[in-house]
Amino acid sequence: ARAVAAAAAGAVVAVTALPALGTAQAKAAHLSTPHLTVTADKSGTFDLKGPRHFSAGRVDLTLHAKKGEQEIAIMRLHSGYTLDNLKSDFGTFGQSQDAPSPDGIAALNNIVKHTTFYGGLDSGAGHTTVNGSVVLPKAGTYYLLNDENGPGADQAIKLHVSPRAGSRTAPSVDAKVTATNAKRFGGAVNLPAKGTIEFTNKATNSPHFLFLMHVKKGTTRKVMVKALQSPPGQPGGPNIFRDGSVGTDVLFMGHSQTLTYDLPAGTYAEVCFFPDLKTGMPHAFMGMVRIVHLS
């Protein structure tokens, strides 16, 4: 979940002035939603089932993780920027991820400037199947990425999106969560243990993603931040983590996605590990942590 994942969206565009239901025009305007199912085998290789050509709009996603935590993302490259550029920039940033160099920070900002990430899925730990939906707003070439080791590091599957041809039904959601310019989470603090939530990046200054981590009852935001900042296995460090986690992939500014999961009820921390565009520090280390309850 700490890899610079990749990006997202999920707010559906309302269609106005549609003809009366039952007419040929109305039926043509309502489209079935494409469904992409990714199975990641034990070696991490992706098998994709579903269409690779469809019109712009909402797309449903399912991730089956056969080997621990797996991540998928859907993104678009801006004109003149290539997958090789993405791989090179992420490699430059990743080489200095623990203490980002000026070149690493520049590479990270280059990725954000020349790509758009529309979200995705992170299976988390002990959560082998996760579902969701993203919105691809316009025609063009998109890529479904294996984001386990960061964007551009592994498998990329090309998707061909034609102009929007009608509307698709948005899934009903049980709760909504947002990310803000202050590197904080907003929205509901009581979420379903089994259900669908919508995550929206309302920030205008940075990409974000949402990762839910199961923690010990009574854990506070301060304790969670300290635990994240502590080296793994540090003697005397807080033992607050419990089984169960799941997340989105990276959502760029102004985009939304849905996330459907089944987790144990209890106390969870919402965290974002996307790196700060000025320092390279993961947002969670800077305080982008919120305690919520799943029931």
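This is a predicted model: local features need pLDDT of at least 70, side-chain atom pairs count only at pLDDT 80 or more; totals for chains, interfaces and linings use all residues.
User: How do E12 and E17 pair with E18?
Analyst: E12 (residues 190–191) pairs with E18 in the parallel sense over two bridges, while E17 and E18 are antiparallel with six bridges. Leu 294 of E18 turns up in both: Leu 191 is its bridge partner, and Gly 266 stands opposite Leu 294 too.

User: Is E18 largely enclosed or open?
Analyst: Largely enclosed by the rest of the structure, because five of its six residues are buried. Buried means under 20% relative accessible area, exposed is over 50%, and partly exposed is in between (1.4 Å probe, protein chains only).

User: What about E14 and E15?
Analyst: Those run antiparallel and are joined by four bridges. In E15, Ser 245 is the bridge partner of Met 213.

User: Switching to helix H4. Which residues are buried there?
Analyst: In H4 (residues 221–229) they're Met 224, Val 225, Ala 227 and Leu 228. They cover an arc of only 160 degrees around the axis, so they end up on the same side of H4. That arc is taken from the directions from the helix axis to the C-beta atoms.

User: Why would residues a few places apart point the same way?
Analyst: An α-helix has 3.6 residues a turn, so residues three or four places apart point the same way.

User: What's on the face turned away, and what does the buried side pack against?
Analyst: The face turned away carries the exposed Lys 222 and Lys 226. The buried residues pack against E14 (211–215), E15 (241–248), E17 (266–271) and E18 (289–294), where contact means heavy atoms within 4.5 Å.

User: Now the hairpin of E1 and E2. Which residue takes a positive phi?
Analyst: Gly 44, near 95 degrees, in a hairpin with five residues between the strands. E1 (residues 35–40) and E2 run antiparallel, joined by four bridges, and Ala 40 has Phe 46 as its bridge partner in E2.

User: Which residues are on the covered face of E2?
Analyst: Phe 46 and Leu 48, whereas Asp 47 and Lys 49 are on the uncovered one.

User: Last topic: how many aromatic pairs are there?
Analyst: Three. In one, the ring centres of Phe 117 and Phe 252 are 5.4 Å apart with planes at 40 degrees, so that pair is tilted. Rings of Phe, Tyr and Trp (its six-membered ring) pair if their centres lie within 6.5 Å; planes under 30 degrees apart count as stacked, over 60 as edge-to-face and the rest as tilted.

User: Are Phe 117 and Phe 252 buried or exposed?
Analyst: Phe 117 is buried at 1% relative accessibility, and Phe 252 is buried at 4%.

How values were computed:
Residues are numbered from 1 along each chain as its sequence is written. Side-chain values use heavy atoms; hydrogens and water are left out. Two strands pair if DSSP finds at least two bridges between them.
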